[in-house]
Amino acid sequence: MRLHRNLCFSVIDGLTLIFNEGHYADKVIQQLLKRDKRWGARDRAFVAETTYDIVRWKRLYAEIAEVKEPFTRDNLWRMFAVWATLRGIKLPDWTYFENTPTRKIKGRFDELSKIRKFKESIPDWLDELGEKELGTTVWSKEIAALNEQADVILRVNTLKTTKEKLQAELFDLDIESDFLKDYPNALKLKERANVFTTEAFKNGFFEVQDASSQLVAEFLNVQPGMRVVDTCAGAGGKTLHIASLMENKGQIIAMDIYENKLHELKRRAKRNGAHNIEPRAIDSTKVIKKLYDKADRVLIDAPCSGLGVLRRNPDAKWKLQPDFIEKIKVTQQEILRQYSRMVKVGGQLVYATCSVLPSENQQQVDKFLTSEAGKNFTFVKDNKVLAHKSEFDGFYMALLERKI
């Protein structure tokens with residue numbers, strides 16, 4: 001591979017914003033990709049993937065390069081040199097790469113790879129927490145899986161097309177995909193591709209949604225004609241899946257505390273041809289109280305640490321703090337107690353997170369079931385999805401039923 005100066009400069013500019021100014025990696029990369037209209041697909045892929053790679057392995061590369069935050073541009077070039085050397089890419093004779101100690105880089109890599117927190121490039125506190133909650137063996141496998149690049153998975157919108165038709169349509173565009181056993185509406189791309197520019201996407205034939213995330217709506221046991229409340233709907237990935245499972249019949253009330261996310265959901269619902277979704281912003285407790293004892297199904301896709309989705313949000317490793325996890329556990333319990341009151345007698349509730357920590361998952365469900373608010377519910381089943389077993393994101397979902 002030959003390195004091109006303008007592409008490498010873009011990566012360094014992006015890393016400066018992410019590491020030194022706290023910007024989110026996905027937003028930075030979106031901006032970078034608009035920089036030069038002459039860039040082809042390969043150039044754009046280089047910028048996006050190299051930036052994500054260096055973000056993912058920040059601690060390891062900084063340690064090898066012997067640099068500390070806040071990183072100067074020279075520091076970032078040194079980390080870039082580490083990235084290139086470890087990939088066997090020949091460094092051009094640019095000033096930034098003068099005196100790069102190639103052999104020393106490889107030696108340091110071998111040495112640091114024996115220590116998990118460096119090998120997997122994670123903060124000390126996170127390594128300790130993961131080991132405490134999952135045990136040494138499981139945590140070592142899980143964090144390794146969460147450091148792999150995520151596959152591109154599509155969820156077929158069955159309101160508009162079938163899996164077979166969509167696969168054929170994408171194949172005509174040289175986008176090859178596979179069906180996934182046990183994921184009825186999923187297509188896994190064989191190679192990364194920008195699917196958002198396709199007519200199929202513009203026509204609402206699919207959404208990009210990880211396979212593990214697709215399990216949640218299925219877990220909710222929805223039927224056409226029901227009244228379903230998605231309490232933390234966000235921009236609506238799971239809401240849209242529920243709409244397709246309900247065949248557009250019945251009512252889905254999509255709630256969120258962020259109104260701007262619900263605007264995005266409205267836009268997506270229109271593209272998907274999902275007509276049974278009613279967005280409602282939670283601007284007061286009144287909105288929730290109006291629905292007490294009214295819903296056949298309630299989904300609580302709770303805010304969480306997001307540790308299960310590190311593959312697609314590698315910068316979360318550096319933004320996440322231990323006190324946030326403690327605070328979010330309090331929020332999760334409050335949400336469970338408050339939103340569960342919307343489930344009618346005989347109705348069902350799913351509590352889900354994209355975390356792999358038992359303290360955010362089954363322990364929260366156990367705590368709820370022994371509380372005053374949870375005594376009217378029985379535990380039906382749960383699903384603990386670990387990335388190293390599923391090869392997809394880490395997720396948790398529990399199905400509870402309100403006693404008759």
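Which exposed residues does the face of helix 6 turned away from its buried side carry? That face carries R103 and D110. The structure is a predicted model, in which local features need pLDDT of at least 70, side-chain atom pairs count only at pLDDT 80 or more, and totals for chains, interfaces and linings use all residues. Residues are numbered from 1 along each chain as its sequence is written, and side-chain values use heavy atoms, with hydrogens and water left out. Helices (H or I, at least four residues) and strands (E, at least two) are DSSP runs, numbered from the N terminus. Buried denotes under 20% relative accessible area, exposed over 50%, and partly exposed the range in between (1.4 Å probe, protein chains only).

**Helix 6 and its surroundings**

- Helix 6 spans residues 102-112, and its buried residues include I105, R108 and L112.
- Viewed down the axis of helix 6, the buried residues fall within an arc of 70°, so they line one face of the helix; the arc is that of the directions from the helix axis to the C-beta atoms.
- The cover over these buried residues includes helix 4 (58-65), helix 5 (73-86) and helix 7 (116-119).

**Residue T51**

- T51 is found in helix 3 (residues 41-56) and is buried, with a relative accessible area of 0%.
- Leaving aside neighbours within four places in sequence, T51 is in contact (heavy atoms within 4.5 Å) with V11, L15, I18, I29 and L32.

**Annotated domain and binding site**

- UniProt positions are given in the numbering used here, with feature names shortened, and annotations may be inferred rather than shown by experiment.
- An unreviewed UniProt entry assigns residues 142-403 the annotation "domain: SAM-dependent MTase RsmB/NOP-type".
- Over residues 142-403 the chain is 34% helix and 26% strand, and the end C-alpha atoms are 36 Å apart.
- The feature "binding site" is placed by UniProt (unreviewed entry) at D256, D283 and D301.
- D283 is located in the loop between strand 7 (277-281) and helix 15 (285-289), and D283 counts as exposed because its relative accessibility is 67%.
- D301 lies in strand 8 (residues 295-301), and D301 counts as buried because its relative accessibility is 18%.
- Apart from its neighbours within four places in sequence, D301 is in contact with C232, K238 and A352.
- With the side chain of K238, the side chain of D301 makes a polar contact at 2.8 Å. A polar contact is a pair of N or O atoms within 3.5 Å; within protein, one must be able to donate a hydrogen and the other to accept it, and residues adjacent in sequence count only if both atoms are side-chain atoms.

**Salt bridges**

- The structure holds 35 salt bridges, each defined as a side-chain nitrogen of Lys or Arg within 4 Å of a carboxyl oxygen of Asp or Glu.
- E207 and R271 meet through their side chains in a salt bridge (2.6 Å, N to O). E207 lies in strand 4 (residues 206-208) and R271 in helix 14 (residues 259-272), so the pair ties together parts that are 64 residues apart in sequence.
- Both E207 and R271 are buried.
- A salt bridge also joins D296 and K344, with the closest N and O atoms 2.8 Å apart. This pair links distant parts of the chain, D296 being in strand 8 and K344 in strand 9 (residues 343-353), 48 residues apart.
- D296 is buried, with a relative accessible area of 16%, whereas K344 is partly exposed at 31%.
- K181 and D182 form a salt bridge between their side chains (3.7 Å, N to O). K181 is exposed, with a relative accessible area of 69%, and D182 also counts as exposed, at 60% relative accessibility.
- A network of salt bridges links D210, R311, R312 and D393.

**Residue D151**

- D151 lies in the loop between helix 9 (136-146) and strand 1 (153-156) and is partly exposed, with a relative accessible area of 28%.
- The C-alpha atoms of D151 and G135 are separated by 27 Å, the two residues being 16 residues apart along the chain.
- With neighbours within four places in sequence set aside, D151 is in contact with K188, R192, R312, E391 and F392. Of these contacts, R312 is one of the residues in the salt-bridge network with D210, R311 and D393.
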